[in-house]
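Please read it with the structure in view.

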Amino acid sequence: MKKALLTLTALALLATTAQARSWEDIKKSGTIKIATEGAFPPFNLLKGKELTGFEVDLANQLAKQLGLKVQWVTQPFDSLLIGLQQDRYDFVIASHGITPERAKAVDFSNPHYCTGGAIVSRVGGPKTAADLKGKTVAVQVGTTYLDNVRKVPGVKDVKTFPKDTDAQAALMAGRVDAWVGDKFTGLDLVKAQKGKLVAGSLLFNESIGMAVKKGNAGLLKELNAALAKSQSDGTYAKLSGQYFGTDVRCR
Ligand code: LYS
């Protein structure tokens, strides 16, 4: 926790320096540089050289609408917002929950989907927050899952992993009692491990947004406008249906 807080403080400081590319600069160049994690199915996943997922398709559609080509960058989840501060790309779409701490360091778009953090365990394992008492829980580092599991009273140990898939593997291998992660990821995981894993209850809800460098209001306005259009003209609903069988926009 201490480390996460320090990192965010450092980010807030950095936010006041270096210049982000303005909307005019991006438009003139014809290409927008977007960063994601590439290790978070079904939202963003790098398979070989192919980047897929709901957020990847959505961002590609938004860029197309804005008349821009896309250059993708993938890097570990916990360094994505730092890279944004260093002007390594124009925005991040990587399932970041909109939290007050993060909002001190970056500016968030209107939410591009709504979700929650859910508990998954092996059959017979903990299913509710109360069940987590005395248990060991696996989560990805730098996430809202970590922050929220820490708030559950009586949890014995929280083990952090660089990637969400590593945290899931720890659950499957029996090294922890439960995994806390995205509810849609959890559903896919339980389906893939049919009969071995069970979905427990939701620990918290969150709105997910795209992040731009603090103060990059021009780019934020364009992204919000493109998202609103996609949500009103049926593009978003169609894409969401393909990935989730339901419309995941915030309501
Ligand atoms: N939604 C969670 C968060 O905001 C996790 C997102 C990405 C996990 N690979 O921290």
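Strand 12 gives the largest share of the lining of the second largest pocket, 4 residues. The model is a predicted one, and every value below is computed from it.

**The second largest pocket**

The volume of this pocket is about 180 Å³. Its lining has 13 residues, and those closest to the centre are Thr99, Thr144, Asp147, Asn148 and Lys151. Two elements give two or more residues to the lining: helix 6 (144-150) and strand 12 (197-213). Sorted by class, the lining of the second largest pocket holds 3 nonpolar, 6 polar and 4 charged residues.

**The largest cavity**

Rolling a probe the size of a water molecule over the atoms shows where empty space is left. How many cavities of 30 Å³ or more are counted? The count is 1 cavity. The space in the largest cavity comes to about 80 Å³. Phe40, Phe77, Ser95, Thr143 and Tyr145 lie nearest its centre, out of 13 lining residues. Strand 6 (91-97) and helix 6 are the elements that give two or more residues to this lining. Strand 6 gives the most, with 4 residues. By class, the lining of the largest cavity is made up of 4 nonpolar, 6 polar and 3 charged residues.

**Packing of helix 3**

Two packed helices are described by the angle between their axes and the distance between the axes. The table lists two partners of helix 3 (residues 54-65).

| Helix pair | Axes come within | Crossing angle |
|---|---|---|
| Helix 3 and helix 10 (residues 235-244) | 10 Å | roughly 160° |
| Helix 3 and helix 9 (residues 217-232) | 9 Å | roughly 105° |

Angles over 145 degrees count as roughly antiparallel, and helix 3 and helix 10 are therefore roughly antiparallel to each other. Helix 3 passes helix 10 in a right-handed crossing. On the helix 3 side, this contact is made by Phe54, Asp57, Leu58 and Gln61; on the helix 10 side, by Thr235, Tyr236, Leu239, Ser240, Tyr243 and Phe244. The contact of helix 3 with helix 10 has 6 nonpolar, 3 polar and 1 charged residues by class.

Angles of 65 to 115 degrees count as roughly perpendicular, and helix 3 and helix 9 are therefore roughly perpendicular to each other. Helix 3 takes part in this contact through Leu58, Leu62 and Gln65, and helix 9 through Ala225, Ala226, Leu227, Lys229 and Ser230. The classes here are 5 nonpolar, 2 polar and 1 charged residues. Leu58 belongs to the contact with helix 10 and also to the contact with helix 9.

**Backbone exceptions**

Most residues other than glycine have a negative phi, and most peptide bonds are trans. Where does the model contain a cis peptide bond? Such a bond joins Pro41 and Pro42, with omega about 5°. Pro42 is placed in the loop between strand 2 (39-40) and strand 3 (44-47).

Asp87, a residue other than glycine, has a positive phi, near 60°. Its position is in the loop between helix 4 (80-85) and strand 6. Strand 6 is also the element that gives the most residues to the lining of the largest cavity.

How values were computed:
Residues are numbered from 1 along each chain as its sequence is written. This is a predicted model: local features need pLDDT of at least 70, side-chain atom pairs count only at pLDDT 80 or more; totals for chains, interfaces and linings use all residues. Side-chain values use heavy atoms; hydrogens and water are left out. Axes are lines fitted to C-alpha atoms, for helices over the stretch in contact, and angles run from 0 to 180 degrees between N-to-C directions. Angles under 35 degrees count as roughly parallel, over 145 as roughly antiparallel, 65 to 115 as roughly perpendicular and the rest as oblique. A crossing is left-handed if the near helix is turned anticlockwise from the far one by less than a right angle, and right-handed if clockwise. Contact means heavy atoms within 4.5 Å. Ala, Val, Leu, Ile, Met, Phe, Trp, Tyr, Cys and Pro count as nonpolar, Asp, Glu, Lys and Arg as charged, and the others, Gly among them, as polar. On a 1 Å grid over the protein atoms alone, a cavity is a set of points where a 1.4 Å probe fits but cannot get out, and a pocket is an open set with protein on both sides within 12 Å along at least five of seven lines; lining residues have an atom within 4 Å of a point. Grid points are joined across faces, edges and corners, and a volume is the space filled by probe spheres set on the points.
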